[in-house]
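Please brief me on this structure.

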Amino acid sequence: MFLTPNFRLVVSAIIVPIASFVPLLSLTASAGEAQPDVRRTEVNETFRKKVVPFLKTYCMDCHGNNNKRKGGIDFAKMVQRPADGRFRSAWQVSLAQVRERSMPPEDAGKQPTDAERREFVEWVGMIKYLSPVDPGPFVIRRLTKVEFGNTLNDLFGVDPAIVAELPDDVPGEGYLNTFSPLQTEQYLAIANAVLDRVLGPKDGPPTEIQKKLFGETPQDGKARDAAKTVARTQARRAFRRPATDEEVETLLRVFDLAQANKLTYPASLRLMLKAILVSPQFLFITPAKVVEADKSIVPLDDYQLASRLSYFLWATMPDTELADLADKGKLHEPEVLRGQVKRLLADRRSRALFDGFGSQWLGVGTLKAKPFDAKKFPQVTPAMRTAMYDEVRLFFDSIVQENRSVVSFVDSDYTFLNGTLAPLYGLEKTVTGPEMRRVKLADANRGGILGMPGVLAVTSFPERTSPVKRGVWVLEQVLGQHIPPAPANVPTLEKQNQKQVANLTLRQRTELHRKNPTCANCHKVLDPIGFGLENFDAIGRWRDKDDSGGPIDAAGELPGGKQFSSPKELKGIVAGRKEELARNLTEKLLAYALCRQLEGYDEIVVDGLMERLARDKYGMQTLVMEIVTSYPFLNRQVAITNAK
Amino acid sequence: MPSKFLLNRRTCLRGLGASLALPLFDCMGWADAGPKPAKPPVRLGFMYMPHGVVMDQFWPKSPETFLTAPPPALEPLKPVLNRCLMVKGISGVPIAPFNGAPHALELSTWLTAKLPNVTHRNKIDIGISADQIAANYVGHLTALPSLELATMPQTHKENQEGLNEGYYTHCSFSSPKQALPAEINPRAVLNRLFGKTSKSDQPTHADPLDGKMLDLVLDGARDLRRRLPKGDQEKLDEYLDSVRSVERRIAAIEHRQKEAAQAKSGVPASKNKSSDSPPIEIKIPEGDKRSEYMDVMCDLNVLAFQADVTRVSSYIGSTPNGVSYPELGFSGEHHSYTHHGNKEEPKGRVAAITAFNVARFANMVKKMAALREGDGTLLDNCIMMWGSGLEDGDKHSRENLPFIVAGGGGGSLRTGRFLTGIKGNQGDLLTTLLGCMGVPLDRPLGIASGRIKEMMNA
């Protein structure tokens, strides 16, 4: 089957997984996150006195005045509520455009001075301080395909692959939550398949798991009471919270329906169990308590918190220990919660953090299906794809488990290899056999994600490298910068004489298009980074010459004037930008944990998080811990209920 | 039992590569047939290829030479060109302010004729698509309201202009905020079409109480809904809607089974005529050749229409970006070749990819033309549209969207012609096709301003 991955110039940055809720502690932001009103007043004043005049002078003729909203940007509206989360991306785009001098356009009547540009960029960055304290919405969400499979596995011991036919989830706010008839049908089908697998045949003896689920068959006359006990017990597990009396009653009605149709006791329970498996309380993560009508921000209840936490770190339902703590109402206690984070991270199931987050962040989730030119790269076998993925996975995992600094994602001196992967490193003599193992690296060009075959491959075309893709990848995924999309109607490249171009290296050819001023603005930033990695071919092997036979020139310069001449030096420069690296990872992981994009107030949360992270040498476990105990993870904003 | 009847007759499913004989339709009729044999219903299908075409390889030289000397891209359609209709002059939706995301927009505007919501670009918020408008109108008459197919997982990861990633991979939207996932696995499609419920070949017992059980679950969900805040309620509504639609589907299948059982016992029902062709065979390919894979998806579409399991379909033959065609002897991405800068080699590859996709479509409509239905063929009663959301992928232009309509639309379409000098847009085109199907619209579809009367029989 064709699973073609895709990848393009701008690799998506945000990995909103799927998620859902928010729990607990206190309603007030912690000290590091609170913003004094003084600051807000100050920023507000600066905004009125500086930003607004700038916009009026240079921008609003096309973006706001007289209903003109070029590019969908309407500053007239934005200046009224600058901190409104809806405008966040518009501010980011504006900031990037002004900084990169793409705006105002060259033919505009007035151009801001360099100083004005700098000030504008700085002030726009302050808008976050105008945001009210807000944990963000936490709308109920359905389990993702992966979570659904894992949860069924935990409940019934069935292979998670039982959900294989569900459509794959597309990450992104709004989409994951949706529910189509196709999915409902499949949920019903999967419920049937699960029960077929774990329950005994119609008139046959019960299976072990059936005995566990259903208990003893009751005597005549006691069936409904016994069914009630089963309903309560199974719903507690499947709903990840105690079922309400109404919910139990609904399940009993299903039992009654079966009995009225002359089904046996086990067959009636089967139907009831199926009802649990297609209930929204199972398919969605729902709160246990009714929100009081006058509250707009509430802490997550302990059950919701347990689910949020375990789906975040394990991609599956809470285990017995978490469930017990929720039952006792202790989970939200800070010490208890921290202890659980440690325990969950130490558990094997925390591998889900890579499969769900890490692989998306680093882009290697597409490796399995990425097309490679089979003639050029015959070594890319399924085993090779797996090894490439596993290398990144084990590396990520080692940073989590050993609480290493997030900087070591870029700068490390070890990796994980097996006999399949070793030849790409030129280590085929020392590393053999199918088993992945930790290998100390002598070559400083390697070690860290910038020199990993899996990453280098997914940022290449099937047949050749793409310095542009790699440049974008480093800037966006590693350093967290926002790159504006290519302008419309890009003039076609390479109208050059074919013969003249034929002998140029890829670098020389790519540089040709930087002569075009439209392209040059961004590409002068993107391309050099990609060139810095040109020593690695499209599957991550070292090379000294490119496809044209010309020598690789890996020299370049990052914005800010840092020069490099090899992957090793590029790596060193990127690793030196700790703040950016850490902030980027923090933002991405927080968005993943919250299952939504970050908005205004979240930036303040991130600021506080960054301070504590820096104090703790950027430890990866510290990062996870800080996220789980952060205000937006523990609380949720709710729209005013219209019913009690 | 009716359900057994359905399942037991499906005996050839085992093993990859097996042919599937599906002799169960001889007693299935169109559900809305009255006492006398009804006129066959009109079906509407869409098939997509991204990135546009090489224009001089695609557009016919002139209306006069359309049938006699078609351009290279249309070669595979030659035997059925008199059942095809081409129109030059249909423009796509102007995509400003999303100029940096031409490929998300080419697909997502294709059947909606509408731009995503500019302010909430990160969320799916566009318009209901033409296929889903049709499904809303005729979907209750068939077991499935509509069928959404695709060739690859809809998980392309890309984020341009801050647009939700779902815009790169979906063309069907059941509401402005809900993109419909598509089936990519032919076996799963087959199971879905004919009521088999699990991926194992063991027939899962289709539980006769499922419908009533779902009803009780729905009641319970309504209780839950009352306890939730507003945002949560909206999410839950999607669940409630989709469960209701599954209930309807179960009812439709039961109705079918009842009719089938009656027919078996000699009661005349609203059947297809005895002159109708037997159901086509479905052969699920073993390897990973894209041509075979796409052909089986097309076959499933034919079978679904032939058996009247649904009357509406969309098939994303490939999503924009990331797809390559090693089968054609080159390994680069389709998208890369389309930025050919007018150079011969990449241009030739784009032409080859286009021909490859048109050939899949041609296989599908030729099969339809060979199936007898009522007084004509299945194709006579279909409206099958193949197309792209860009004209020239090199420049991302969309002035003259390339598309081919095949089928008679139950007599509503004037085929065998190439129309030039038409001024219209994608919304007008979709409005016209919906009109041919008899679907009334209570508001303009996206940017539509009217029908393209030249395409229709008076």
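How many residues does helix α16 of chain A have, and how far does the helix reach from its first C-alpha to its last? Helix α16 (residues 382-401) of chain A has 20 residues and reaches 28 Å, close to the 28 Å expected at 1.5 Å a residue. The expected span is 1.5 Å times one less than the number of residues.

This is a predicted model, in which local features need pLDDT of at least 70 and side-chain atom pairs count only at pLDDT 80 or more, while totals for chains, interfaces and linings use all residues. Residues are numbered from 1 along each chain as its sequence is written, and chains are lettered from A and ligands numbered from 1 in the order in which they are written.

**Chain A overall**

- Chain A holds 27 helices and 6 strands. Both are DSSP runs numbered from the N terminus: helices are H or I with at least four residues, strands are E with at least two.
- Of its 644 residues, 50% count as buried. A residue is buried if 20 or more other C-beta atoms lie within 10 Å of its own, exposed if 12 or fewer, and partly exposed in between, with C-beta atoms placed from the backbone.
- Among contacts in chain A with a separation of 6 or more, 72% join residues 24 or more positions apart. Two residues are in contact if their C-beta atoms, placed from the backbone, lie within 7 Å.

**Helix α16 of chain A**

- The buried residues of α16(A) are M384(A), A387(A), M388(A), Y389(A), E391(A), V392(A), R393(A), F395(A), F396(A), I399(A) and V400(A).
- These buried residues pack against α14 (334-346), α15 (352-361), β2 (414-417), α18 (453-458) and α26 (620-628) of chain A.
- An α-helix has 3.6 residues a turn, so residues three or four places apart point the same way.
- N403(A) follows α16(A) and has a positive phi, near 45°.

- Most residues other than glycine have a negative phi, and most peptide bonds are trans.
- N403(A) is a residue other than glycine with a positive phi. N403(A) sits in the loop between α16 and β2 of chain A. N403(A) counts as partly exposed because it has 17 C-beta neighbours inside 10 Å.
- C595(A) also has a positive phi, near 60°, and is not glycine. Its place is the loop between α24 (578-594) and α25 (600-615) of chain A. C595(A) has 26 other C-beta atoms within 10 Å, so C595(A) is buried.
- K469(A) lies in helix α19 (residues 467-478) of chain A. K469(A) counts as buried because it has 21 C-beta neighbours inside 10 Å. Its C-alpha is 8.3 Å from that of L526(A), 57 residues apart along the chain.
- In chain B, the peptide bond from A96(B) to P97(B) is cis, with omega near 10°. P97(B) is in the loop between β4 (90-91) and α3 (102-108) of chain B.

- Two packed helices are described by the angle between their axes and the distance between the axes. Axes are lines fitted to C-alpha atoms, for helices over the stretch in contact, and angles run from 0 to 180 degrees between N-to-C directions.
- Helix α10 (residues 265-277) of chain A packs with helix α6 (residues 210-227) of chain B at about 50°, with axes 10 Å apart. The two are therefore oblique to each other. Angles under 35 degrees count as roughly parallel, over 145 as roughly antiparallel, 65 to 115 as roughly perpendicular and the rest as oblique.
- L271(A), K274(A) and A275(A) of α10(A) meet M213(B), L216(B) and V217(B) of α6(B). By class, the contact has 5 nonpolar, no polar and 1 charged residues. Ala, Val, Leu, Ile, Met, Phe, Trp, Tyr, Cys and Pro count as nonpolar, Asp, Glu, Lys and Arg as charged, and the others, Gly among them, as polar.

**Helix packing within chain B**

- Helix α5 (residues 186-193) and helix α8 (residues 290-306) of chain B pack at about 10°, with axes 10 Å apart. That makes α5(B) roughly parallel to α8(B).
- P186(B), V189(B), L190(B) and L193(B) of α5(B) contact V296(B), M297(B), L300(B), L303(B) and A304(B) of α8(B). This contact has 9 nonpolar, no polar and no charged residues.
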